[in-house]
Amino acid sequence: MDLNYSAEELAFRDEARAWLGANLPAELREKTERYAHLSKDELLRWHRILAKKGWVAPAWPREWGGTGWNVVQRYIFEEELGYAGAPPLMPFGLAMCGPVLLQFGTDAQKKRFLPRIYNGDDFWCQGYSEPGSGSDLASLKTSARRMNGGGGEHYVVNGQKIWTTLAHYADWIFCLVRTDSGTSKRQEGISFLLMDMKTPGITVRPLILMDGAHEVNEVFFDDVKVPAENLVYEEGKGWTVAKYLLGYERMNTGRIGESKRQLAYLKRYGAHLMQDQRWRDRLSRIEVELIALEITNLRFLDRMRRTGQPPGADVSMLKIRGTEIQQGLSELMLEAADPAASDALSMAIRKRYLSMRKTTIYAGSNEIQRNIIAKSTLGL
Amino acid sequence: MNFDYNEEQQLLADSVRRYLAKGYDFEARRKIVAGEGWSADAWSQLAQMGLMGLPVGADHGGFGGGAVDLMGVMEAFGDALVVEPYAPLVLAARLIERGGSATQKNALLPAVVEGRVKLALAHGEKGARYALDAVRVRAAGNKLTGEKSAVLGAPVADRLVVSARSDAGIGLYLVERAAVEVRPYRTLDERLAGDVLLRDAPAEPIGGGLAALEEAMDFGTALVCAEAVGAMQFACDTTLEYLKTRKQFGVPIGTFQALQHRMVDMAISLEQARSMACLAASKADAERDARERARAISAAKIKIADAARHVSQEAVQLHGGMGMSEELKVSHTFRRLTVLAREHGDADHHLARLAAL
């Protein structure tokens, strides 16, 4: 048993850390550290710096720009990104649509979309949730009817998506749509469709969350005409595609590096409270939980590296604990802030507490994650 | 980075598990507990497997194993709720090996390895709670006077390692069991313990003071962490089994989401605890900086204590009335986890220690 990284892994981490130290623009890092809003240009600026270095999509195959790193190296790199205070890389293209196209896309689709995702030419968003379909995603109703004529085979899409993150920045959206409403199983009859956000009939309406930020949207589809070539995989097999994405190697789900940075910041920011035993003990308990999660994450990685098996329901555990830790840290930050202060940082810290409540709800609520573990790990 | 036991560690853990499954099952354990509280037969079986030699160096016929080598064994002990006074022997043997004279070591350690001599560590005192330096037993000349409390294994030990205070500070001493009075009792989890009364008891000093004691207690804490993980694994396994077989309202109760989610949280607590047990054992063995070692051990014990409480309480609750019954092993696992959560310091103690480091 050896809990330490190997000399090669440490050298890799040091290389990544040194490069990030030299190439992460100070103004982006400071904005991230101070919980400031990042514009589309700022998000893309960082995306393109990584793309130029060849490190923006490490998990992709080499021919499409992947780095060839193993799972441990990829994990180390993602943790270093979080720890360095790099702006988030939007997952919709790099970690969602990209992997789907790599697995299920036609050659033409890969050539058309992958380089543009890689280089940050197209900004993607995800159209899954609907007003009536949250945790029960398979009940989705947005319809796509296949039609012929009037410019070749195409689908006509009608319906509504909701909670669509950064749809107002997006050039493209990938959607789960119902192409057949007459199937016996609800999971059948769903298809995975790519749409240009500029297509007539698509309307984006902001949904302002309780922190006042415009991050998510409603997206309405009104007789939207989508070329049939934008269907990914087979018609009616969209659920297979969506499930593949759920099992995709996302070993950064726990966001350990990011939380380590928040913890270090919290210790500095809340230094005046360290003599308060009640506050300090709460901090210690979160720190202990984070140490345990990091080791748990490494144990899963180690197993994955040896067995070659995808992480499966392990990811659910990392998501549950990781988000609980993120929320706990944001709550302690809220308490560390001077109740009499109204400066920008103090206000941002308070709003961040509001915003972080989303983490246990999004990407499969923590209750859904528990259902997944109960079913697939415990056999209940 | 590697989280597996090596081949030797795995083989040892497997053979201990095999033996316990056969010779130390719940019924066998019940008989031991109802009788003397330990089993000479089990002790000699474990000695034959090499367990007594595990903490002792090769110079004295042992294997020189560390906490990681002991992890699999302690997990198996936690699973089977072993009551044999093994961990006290490990800690006392380590202290003798590290601080004893050549004569002391030659006289004792080979006999320990063979299973002929049992040791215990007499440190705790009433009112001291978990503070290591709250030692009031006095050493004058080579005689000890005072009282040690809750000494695990004391009733059956041949020799005791006793902490005592002299004008030079806290020191460690070797005392014959026959030279002291032991008032035996059983702990909440049915282990043999005793209060030890020393009245001018003849003692041989061994090297090492508070720092050695602290190192030994950190090592012991790592063992407690592993033992607790074994007990929690059993608690989770048996509760899951119960959820799948117990029927109410015409269906297995494991079909109810309220119970499923609680079971999932138990499983998560167990995984997190296991990770910290790995950390504790690794640091107990490899960390040369006492402060870093103490930080890791205390962090681990906080998590283990919290997880032991959570898992044991939920295991009983999800078993319903059956969880309260002393006929079911899970209630005994609850008792063991309740004790382990406090052994070598509860969560509050380690939170305070972590903050002071």
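Let me begin with chain A, which is divided into three parts: domain 1 spans 7–89, domain 2 spans 124–236 and domain 3 spans 249–377. Please bear in mind that this is a predicted model.

I turn to domain 1 and domain 3 of chain A. Their centres, taken over C-alpha atoms, are separated by 20 Å. Across this pair, 15 residues of domain 1 of chain A are in contact with 16 residues of domain 3 of chain A. On the domain 1 side, the touching residues comprise eight nonpolar, three polar and four charged.

Next, the contact between the chains. Chain A contributes 31 residues to it, and chain B contributes 28 residues. Which helices of chain A each supply at least two residues of the side that touches chain B? They are helix H9 (277–307), helix H10 (314–336) and helix H12 (366–377). Of these, H9(A) gives the most, with 13 residues. By class, the side of chain A that touches chain B holds 16 nonpolar, five polar and 10 charged residues.

Finally, a helix pair within chain B. Helix H8 (residues 257–286) and helix H9 (residues 290–318) of chain B have axes that come within 8 Å and cross at roughly 155°. Angles over 145 degrees count as roughly antiparallel, and H8(B) is therefore roughly antiparallel to H9(B). The crossing of H8(B) and H9(B) is left-handed. The residues of the contact of H8(B) with H9(B) are 18 nonpolar, three polar and five charged.

Thank you for your attention.

Conventions: Residues are numbered from 1 along each chain as its sequence is written. Chains are lettered from A and ligands numbered from 1 in the order in which they are written. This is a predicted model: local features need pLDDT of at least 70, side-chain atom pairs count only at pLDDT 80 or more; totals for chains, interfaces and linings use all residues. Domain bounds come from an automatic or database domain assignment. Two residues are in contact if their C-beta atoms, placed from the backbone, lie within 7 Å. Ala, Val, Leu, Ile, Met, Phe, Trp, Tyr, Cys and Pro count as nonpolar, Asp, Glu, Lys and Arg as charged, and the others, Gly among them, as polar. Axes are lines fitted to C-alpha atoms, for helices over the stretch in contact, and angles run from 0 to 180 degrees between N-to-C directions. Helices (H or I, at least four residues) and strands (E, at least two) are DSSP runs, numbered from the N terminus. Angles under 35 degrees count as roughly parallel, over 145 as roughly antiparallel, 65 to 115 as roughly perpendicular and the rest as oblique. A crossing is left-handed if the near helix is turned anticlockwise from the far one by less than a right angle, and right-handed if clockwise.
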